[in-house]
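Student: Before we discuss individual side chains, could you show me the sequence and the model together?

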Amino acid sequence: MANTGWTLTENASLLALNTFHVQAQAAQLLEIQDSATLPDALALPAVAEGPLLVLGSGSNVLLAGDVEGTVLVFANQGIDILEHRADYTVVHAAAGVNWHKLVLWSLQHGLSGLENLALIPGTVGASPIQNIGAYGVQVGEFIQAVEAWDRQVGEWVRLDNEQCAFGYRDSVFKQQPDRYLITAVELRLPLLHELRMDYAGIAEELQAQGVETPSAVDVANAVIAIRSRKLPDPEVLGNAGSFFKNPILGVDQVEVLLQSFPELPVYPAEREDQRKVSAAWMIEHCGWKGFRDGDAGVAPSHALVLVNHGSASGAELLALARRISASVLETFAVAIEPEPRLIGAQW
């Protein structure tokens, strides 16, 4: 079935719609080209009568099995400037826009803020859900509002930054996964911005590149270089980036950990009485970096990244993740949790 604003396909493969490249089927796939047609598409009997799962580019999910009901994909495009001010610009980006494309677009237009988030896979519409972050920056810092269809009340809504309830890898969209269908994001991007270069080797990369007075573009190039070295390309080796979140622990617990593991990297957290500790370091300390069991494995370049070497199933990757988590818990008495959303299984 097709309409000028949407396409509905039955018994659709999801192999090309997840960056782990695991095989899974959807009872039907609904692609939205024009977000204005979304309510009509959702009202189709074949869609309305079953469950609904939204996928961006599948860069932050693990499909542990086939998907019942409808998989919804936003294919709407467009980046527009809504407002120019002396010190910032408000940008409107459609949900289907590639995230890295938006970052590059913002830099080309002299805007800053998103440079540390360069080369993160996925779509604009998916970015608020997980409050994507990297190298000391989270997208929630720059989101002014999110446009969405509220399935609970059946109407269009515009949630401001506070209503989005952003936290570390968290948001109201993650807390209520079946309620909001994000169709666009508004970002308030500064023209001048204090660059963040004190996280995960950015300053060292800039120095290696011979950059003495870095710009936002220079920081983005440094981040791209670091990510390209550390993280495997999903097109070459199936993965979803960092699989585990860095645990947030109380200061007292961190001090106890450091007595036994003084080399454990520790970072500031949003609360003064908490600290963020490195999940990658703990996983590597437990010997998992580069591990492989069949086609399910851990990247040799980064202990946080689970990889599909070929034909691993989502269930096999999940089983490996559980083994890693149990090992870290046994060694450090610290629970680590998955960052991607698990489809068809519970953690």
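Student: How many aromatic pairs does the structure hold?

Tutor: This is a predicted model, in which local features need pLDDT of at least 70 and side-chain atom pairs count only at pLDDT 80 or more, while totals for chains, interfaces and linings use all residues. Residues are numbered from 1 along each chain as its sequence is written, and side-chain values use heavy atoms, with hydrogens and water left out. Rings of Phe, Tyr and Trp (its six-membered ring) pair if their centres lie within 6.5 Å, planes under 30 degrees apart being stacked, over 60 edge-to-face and the rest tilted. The number of aromatic pairs in the structure is 9.

Student: Which class of pair do the rings of tryptophan 149 and tryptophan 156 form?

Tutor: A pair of aromatic rings is described by the distance of the centres and the angle of the planes. For tryptophan 149 and tryptophan 156 the centres are 5.2 Å apart and the planes stand at 75 degrees, so the pair is edge-to-face.

Student: Is phenylalanine 244, whose ring pairs with that of tryptophan 347, buried or exposed?

Tutor: The centres of these two rings, of phenylalanine 244 and tryptophan 347, lie 6.2 Å apart with planes at 70 degrees, so this pair is edge-to-face. Relative accessible area under 20% means buried, over 50% exposed, and in between partly exposed (1.4 Å probe, protein chains only). Tryptophan 347, at 38%, is partly exposed, whereas phenylalanine 244, at 1%, is buried.
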